[in-house]
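Please keep the sequence and the model at hand while reading.

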Amino acid sequence: MERPHHCHDLLYELMTLCWQENPLDRPSFDVLAVKLQHFLTTHEESWGERIIDLQRMFDKCTSEM
């Protein structure tokens, strides 16, 4: 698949690793968790409004009910 325009290059690179034809070439869940945590913490300042805060949205929706 082509990289979506809003997808960070490093995140897309991680996604392509998950699409390897041979399952043994794909990262394990533990490796994915570590890489995603590292990615999110090292690029946190650049996220701005590109990350959806699901908890905040849920809280807002439930408070409006």
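Does Leu11 count as buried, partly exposed or exposed? At 24% relative accessibility, Leu11 counts as partly exposed. The classes are set as follows: buried is under 20% relative accessible area, exposed is over 50%, and partly exposed is in between, with a 1.4 Å probe and protein chains only.

The model is predicted: local features need pLDDT of at least 70, side-chain atom pairs count only at pLDDT 80 or more, and totals for chains, interfaces and linings use all residues. Residues are numbered from 1 along each chain as its sequence is written, and side-chain values use heavy atoms, with hydrogens and water left out.

**Overall architecture**

The chain has three helices and zero strands. From the N terminus the order is α-α-α. Helices (H or I, at least four residues) and strands (E, at least two) are DSSP runs, numbered from the N terminus. The chain has 65 residues, and 12% of them count as buried.

**Helix 1 against helix 2**

Helix 1 spans residues 9–18 and helix 2 spans residues 29–42. Their axes come within 11 Å and cross at roughly 170 degrees. Helix 1 is therefore roughly antiparallel to helix 2. Axes are lines fitted to C-alpha atoms, for helices over the stretch in contact, and angles run from 0 to 180 degrees between N-to-C directions. Angles over 145 degrees count as roughly antiparallel.

Helix 1 contributes Leu10, Leu11, Leu14 and Cys18; these meet Leu32, Lys35, Leu36 and Phe39 in helix 2. Contact means heavy atoms within 4.5 Å. The contact residues divide into seven nonpolar, no polar and one charged. Here Ala, Val, Leu, Ile, Met, Phe, Trp, Tyr, Cys and Pro count as nonpolar, Asp, Glu, Lys and Arg as charged, and the others, Gly among them, as polar.

**Residues in this region**

Leu11 is found in helix 1. Leaving aside neighbours within four places in sequence, Leu11 is in contact with Leu36 and Phe39. Cys18 also lies in helix 1. Cys18 is partly exposed, with a relative accessible area of 30%. With the neighbours within four places in sequence left aside, Cys18 is in contact with Arg26, Pro27 and Leu32. Pro27 sits in the loop between helix 1 and helix 2. Beyond its neighbours within four places in sequence, Pro27 is in contact with Leu17, Cys18 and Leu32.

The table lists C-alpha to C-alpha distances.

| Pair | Apart in sequence | Apart in space |
|---|---|---|
| Pro27 and Leu17 | 10 residues | 6.8 Å |
| Leu11 and Lys35 | 24 residues | 9.3 Å |
| Cys18 and Leu32 | 14 residues | 9.0 Å |

**Aromatic pair**

The count comes to one aromatic pair. Tyr12 and Trp19 form this edge-to-face pair, with 6.0 Å centre to centre and 75 degrees between the planes. Rings of Phe, Tyr and Trp (its six-membered ring) pair if their centres lie within 6.5 Å; planes under 30 degrees apart count as stacked, over 60 as edge-to-face and the rest as tilted. Tyr12 is buried at 18% relative accessible area, whereas Trp19 is partly exposed at 41%.

Conventions:
Angles under 35 degrees count as roughly parallel, over 145 as roughly antiparallel, 65 to 115 as roughly perpendicular and the rest as oblique.
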